[in-house]
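Have the model open as you read.

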Amino acid sequence: MKTGIADLIFHDLGLLPTPGTPEPELWGGKVTSLKALSSLNPDHVILLVDNNQNVLEHSNIWSSIQAVKSGKVYRMTSRQNYNKAFLP
């Protein structure tokens, strides 16, 4: 069974993953390292975070990613992902 934000993005919306994107885990996403994210260098990122105290966004590697440079980072909270994404 597929579920989660990855299923919505890659199946329902039909968007293609960046080459090298790992398969999502059963919960619908994939936790990855900052180094792995920089090697993908995606043009869009959906960032699942629940607060503004995110160390990731203060990293030099983060600021070098294409999606960050072009302002194509979309923040989503756990509540939005789990409670709102699959309800009418």
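First, some ground rules. This is a predicted model, so to speak of a local feature takes a pLDDT of at least 70, and side-chain atom pairs count only at pLDDT 80 or more, while totals for chains, interfaces and linings use all residues. Residues are numbered from 1 along each chain as its sequence is written, and side-chain values use heavy atoms, with hydrogens and water left out.

How confident is the predictor? The pLDDT (the predictor's confidence in each residue, from 0 to 100) averages 78 over the protein, and 83% of the residues score at least 70. Confidence is highest in helix α4, residues 66–69, at a mean of 93, and lowest in helix α5, residues 78–84, at 62.

On to the layout. The protein has 5 helices and 2 strands, where helices (H or I, at least four residues) and strands (E, at least two) are DSSP runs numbered from the N terminus. Reading from the N terminus, the order is α-α-β-α-α-β-α. Of the 88 residues, 23% are buried; buried means under 20% relative accessible area, exposed means over 50%, and partly exposed is in between (1.4 Å probe, protein chains only). Now take contacts (heavy atoms within 4.5 Å) between residues at least 6 apart in sequence: 56% of them join residues at least 24 apart.

Strand β1 (residues 45–48) and strand β2 (residues 73–76) run parallel and are joined by 4 bridges; two strands pair if DSSP finds at least two bridges between them. Leu47 has Arg75 as its bridge partner in β2. Those two residues are 28 apart along the chain, yet 4.8 Å separates their C-alpha atoms. Arg75 itself is partly exposed, with a relative accessible area of 37%. In a regular strand, side chains alternate between the two faces of the sheet. In β1, Val45 and Leu47 make up the covered face, and Ile46 and Leu48 the uncovered one.

Ser78 is partly exposed at 23% relative accessible area, and its C-alpha is 6.4 Å from that of Asp50, 28 residues away in sequence.

Back to the start of the chain. Helix α1 has Gly4, Ile5, Ala6, Asp7 and Ile9 buried. After the helix comes Gly14, with a positive phi near 75°. Asn41, in the loop between α2 and β1, also has a positive phi, about 45°, although it is not a glycine. Asn41 is partly exposed, at 38% relative accessibility.

The largest one holds about 1000 Å³ of space, and its lining takes in 33 residues, with Lys30, Leu37, Val45, Ile46 and Leu47 nearest its centre. Helices α1 (4–12) and α2 (34–40) and strand β1 each give two or more residues to that lining. For the record, a pocket here is an open set of points on a 1 Å grid over the protein atoms alone, where a 1.4 Å probe fits, with protein on both sides within 12 Å along at least five of seven lines; lining residues have an atom within 4 Å of a point. Points are joined across faces, edges and corners, and the volume is the space filled by probe spheres set on them.
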